[in-house]
Amino acid sequence: MRIRSLILTGVAAAGLVLAVDRAASAADYPVLRGSQQTEDTPPRDFESGTFNWSGFYFGGGAGVSDTKFQPGSGTMQDLARFAFRNTTLGNEVDMGALVSDLPSKRDSGATFFGFTGYNYLFGDAMLGFEADYTRSGHSYSVSDYIARRFITSDGTVNDFSLSSNQGAKLHDYATARLRMGWAYGRIMPFATIGGVVGRFDTTSTIDATWRFTRTDPVTGAIQNNVVASGYPLRVGATKNNVYGFGLAVGGGIDMALTDNLFVRAEYQLIRFADIEGTTTTVNTARVAAGLKF
């Protein structure tokens with residue numbers, strides 16, 4: 001009986017220890033289980049190799065521009081004819097035919113700009129709107145001179161000259177463009193097309209001189225080297241803050257450096273319509289940095 005009691009007591013003690021151990025294990029298990037299933041914080045888009053290009057952005061940069069100024073045909077010719085309007089000399093000599101078209105001129109150098117825009121994403125396709133403002137300061141000036149002697153039908157010997165001068169200065173310009181691109185993770189190539197408005201100073205003038213030698217029809221005296229009334233004469237004008245309009249196209253690549261910071265390399269071509277006798281074309285290679293929100 002004593003041995004049986006000891007065996008029963010040992011079994012009961014072992015069962016108690018086992019029950020306590022299981023209870024302790026059960027109490028600890030949710031903690032262990034919870035710690036095993038704790039998920040890592042999802043990586044940000046940039047860290048995962050992707051980038052969300054949608055949203056508002058702005059930035060600034062610098063570029064190198066080559067600006068071509070092309071004087072138009074007809075502007076200076078019309079001014080030359082106007083300089084001798086309503087005169088016997090002007091009626092018998094086509095002054096416009098004596099004035100040649102002036103050659104094109106180029107100016108180049110650094111330009112600085114700022115931009116802002118908004119992107120919409122449709123899968124990997126991007127459609128957006130962007131506006132920018134650029135300081136230029138590029139200019140040109142070209143001139144020509146011609147002098148002639150002509151005897152009109154009334155016997156008057158006329159000595160006259162035409163000094164033509166044409167120029168322009170592009171102070172600054174702004175564009176509004178559509179952007180179309182395709183996102184390859186952190187890199188997005190794009191193309192742009194839109195309109196441009198620019199602010200110019202322009203000059204288109206002709207300085208005319210006229211002297212003549214003739215016999216006075218009343219007295220018969222010879223009038224030698226007489227300055228014609230109203231001459232020297234300047235026709236044309238110099239104008240400030242003239243606005244011109246045109247087309248802007250381009251393309252480039254945006255590359256994300258962080259979740260909010262990106263850099264850009266871009267080429268832009270701008271063509272202004274005729275502005276006071278000058279057509280202007282601007283080719284620009286530029287780089288920039290921007291912030292996206």
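**Aromatic pairs and charges over rings**

With a relative accessibility of 54%, F293 counts as exposed (over 50%; buried means under 20% and partly exposed in between, with a 1.4 Å probe and protein chains only). F56, at 38% relative accessibility, counts as partly exposed. The structure is a predicted model, in which local features need pLDDT of at least 70, side-chain atom pairs count only at pLDDT 80 or more, and totals for chains, interfaces and linings use all residues. Residues are numbered from 1 along each chain as its sequence is written, and side-chain values use heavy atoms, with hydrogens and water left out.

Rings of Phe, Tyr and Trp (its six-membered ring) were paired if their centres lie within 6.5 Å; planes under 30 degrees apart count as stacked, over 60 as edge-to-face and the rest as tilted. By this rule, 17 aromatic pairs were counted. The pair of F51 and W53 is edge-to-face, because the ring centres are 4.5 Å apart and the planes stand at 70 degrees. Both F51 and W53 are buried. F56 and F293 form a stacked pair, with 6.3 Å from centre to centre and 20 degrees between the planes. F56 lies in strand 1 (residues 55–71) and F293 in the segment after strand 9 (278–292), so this pair ties together parts that are 237 residues apart in sequence. Strands (E, at least two residues) are DSSP runs, numbered from the N terminus.

One aromatic cluster is formed by F51, W53, Y57, F113, F115 and F262. The charged end of R264 sits over the ring of F115, 4.5 Å from its centre (CZ of Arg or NZ of Lys within 6 Å of the ring centre and within 35 degrees of the ring normal). The ring of F82 has the charged end of R85 over it, 3.8 Å from the ring centre.

Definitions and conventions
Helix = DSSP H or I, 4+ residues; strand = E, 2+ residues; numbered from the N terminus.
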